[in-house]
Amino acid sequence: MFKRVNKIPYDQVSINDAFWSERLASMREHTLPHLWDKFREDGFFRNFDRASGSLKSAYEGAIFNDGIFYTMLEGACWIYKECQSPDVLALIDEVVDKIIAMQQPDGYLNSYIITVAPEQRWSDLLFGHELYTAGTFFEASVAHFEATGSEKLLTAACRFADLIDATFGVDKRLVYEGHEEIELGLIKLFELTGERRYKQLAEFFIEMRGNPEAEEQMYNGWSALEGVPRERGALPFREYGIAKYMQAHLPVKEQDTIEGHAVRATYLYAAVTEIAGMNNDAEYAEAMHRLWSNMVNKRMYITGGIGDNVWRWEGFSTDYNLPNDEAYCETCASIGLVFWSSRMNLLFADAQYADVLERVLYNALLAGISLDGKAFFYTNPLENEGSHLRQPTFSCACCPPNLTRFIPKIGEYIYGLKDKECYVNLYIGSETKLNIEGTTIKLKQETQYPWNGMTKLTINPEAPTSFTLKLRIPSWCNQAEIRVNGDSIPLITNIGYAKIDRQWQEGDIIELLLEMKVKRVESHPNVESNREKTALVRGPLVYCLEGADHDHDVRDLALKRNSEFRVEHVSELLGGVTVIKGSGSVIRKAESAHREHFWHTQLYAETESCEWQEESVDIQAIPYYAWANREPGSMAVWINDTPKWTKAGRTES
């Protein structure tokens, strides 16, 4: 039933790319040491010492801080695996023994519970984040083993997983985790160790969502844990419902609309997609299709961001509710959506999922980190007056370390392999080796993506080999051409991939030319905030206007209907970007001089005759991911199609 394409692991992909190589180096040289120092200062490591008994003082920070740190530890391990830097290994070694030292005799690991409330273990599975934290630890332990070969953390992870398996399950406690993550961690632990109990436990936690017996056990005293305010349950959940917030309002197989906290949702559905493939489960697959369709077609921003203005639960509300200035679009949710998109793409070999992955990657996700790698967005609005600034970290510091574990593994999203079919999903300069029926094929990709739509692939098999190369033709591309050794070939596509089936010889060259036109995009008329507005898109990039490039508040600017767009690559701007230039206008009310003075003392005044002046302006749009890297100023993705005064009959553009 399922295609189940295998990803090529990131450590088998060498990236040499004009766009991504610099970001990978920045992550290693700037982001990781910056965050490590911040976390050390903020007491994350001291909490481990307190839990082991080597330090006597009060716990510091949030109850889920262990989990946030484990995510960064995972990122450090992936970085070390790629670069083998002694400095990175020294950071990792700094904490590994601290973590192991706090593990309890029965395998339990959680510095908050051990230090603050040992008698309340597993008492608040809705908001206590114990199983969430365990899942992040499992993922970090797998990364540590794969990067260093050491079994220290892996052994501790298996002991902890065995304890959880002995505590929860059929004929034991029937529960689910309030913040999904344990499922992904258990699946990775299963894939590494082959211990089927871990996979079965992941399935159990998924199956408990929407189970009345589990809810009865979980809701009994859920708010009793110290540090979780009782009133938390009365805030957004009175009208929305705790279960819906946690995707537990119905069994997963019965869910039709994507609901609740966006990060929780994507983590859960990424795990469900994995299980659907492993078990060949058609019901789970169909549910994933329904939820995906609802999200992409009715609840996702043009940047690929998810989670609208319902800040109280950081997630989804109703169809087409996509306000720009209040958009939540948490960076972690974008990362979670890439996790889910990739798994859907691998399961079904359908390019539509890679299209969304790419849109999220180059826009909502990448906007979450500054160009220097040392400042971050937690939320990613699509419009702002200039107050939204990146921060060195946050009190809930989940997004920065999530970027740290994601970006180093960007290589694993480029290629896929199934039998004698090689899929190219992303266009990133790189090299990899394929093993097809015992024959090694070297594949090299060269590109100036996302600025240019031409990609060159060189195929070097150790012997002439027949296999199928499948190149994703992005949904944004209206015209594409493929040349093999200089000759154009017919473009035959199936579910988004162009298929080239031949016997490949050493030195064969494929050139893919994707037309990259500037497009004016409009949204569904039910999206109220985007009515009479347009967005500019070129290739995988969504563009925005930023105040730094204009003398006006960009929210007052309008694109002329007949504007012709020009593209120009500016190497000295924002690390090197291709900008879009066009013509627009701004309209102002010209007030008489005698009226100006009393606005300092009056709130209202009688309307009098006035003139409306239209001023032509040059417009320059930059990639959305690059905004807020200069002086603060206004920003807008959705631009007025015509001046807003036009509909009042005062002017025409």
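Which residues have the most contacts inside the largest nonpolar core? In this predicted model, local features need pLDDT of at least 70, side-chain atom pairs count only at pLDDT 80 or more, and totals for chains, interfaces and linings use all residues. Residues are numbered from 1 along each chain as its sequence is written, and side-chain values use heavy atoms, with hydrogens and water left out.

**View 1. The largest nonpolar core.** F69, I99, F138, I164 and W340 have the most contacts inside this core of 216 residues. A nonpolar core is a set of buried Ala, Val, Leu, Ile, Met, Phe, Trp, Tyr and Cys residues joined through side-chain atoms within 4.5 Å; buried means under 20% relative accessible area (1.4 Å probe, protein chains only). Helix α13 (residues 262-279) supplies the largest share, 11 residues; helices are DSSP runs of H or I, at least four residues, numbered from the N terminus. A second, separate core of 6 residues includes V5, L346, A349 and Y423.

**View 2. The surroundings of N402.** N402 lies in helix α17 (residues 399-406) and is buried, at 2% relative accessible area. Its side chain forms a polar contact of 2.9 Å with that of Y267 (a pair of N or O atoms within 3.5 Å; within protein, one must be able to donate a hydrogen and the other to accept it, and residues adjacent in sequence count only if both atoms are side-chain atoms).

**View 3. Helix α8 and its end.** After α8 comes G194, with a positive phi near 80 degrees.

Conventions. Helices (H or I, at least four residues) and strands (E, at least two) are DSSP runs, numbered from the N terminus. Buried means under 20% relative accessible area, exposed over 50%, partly exposed in between (1.4 Å probe, protein chains only).
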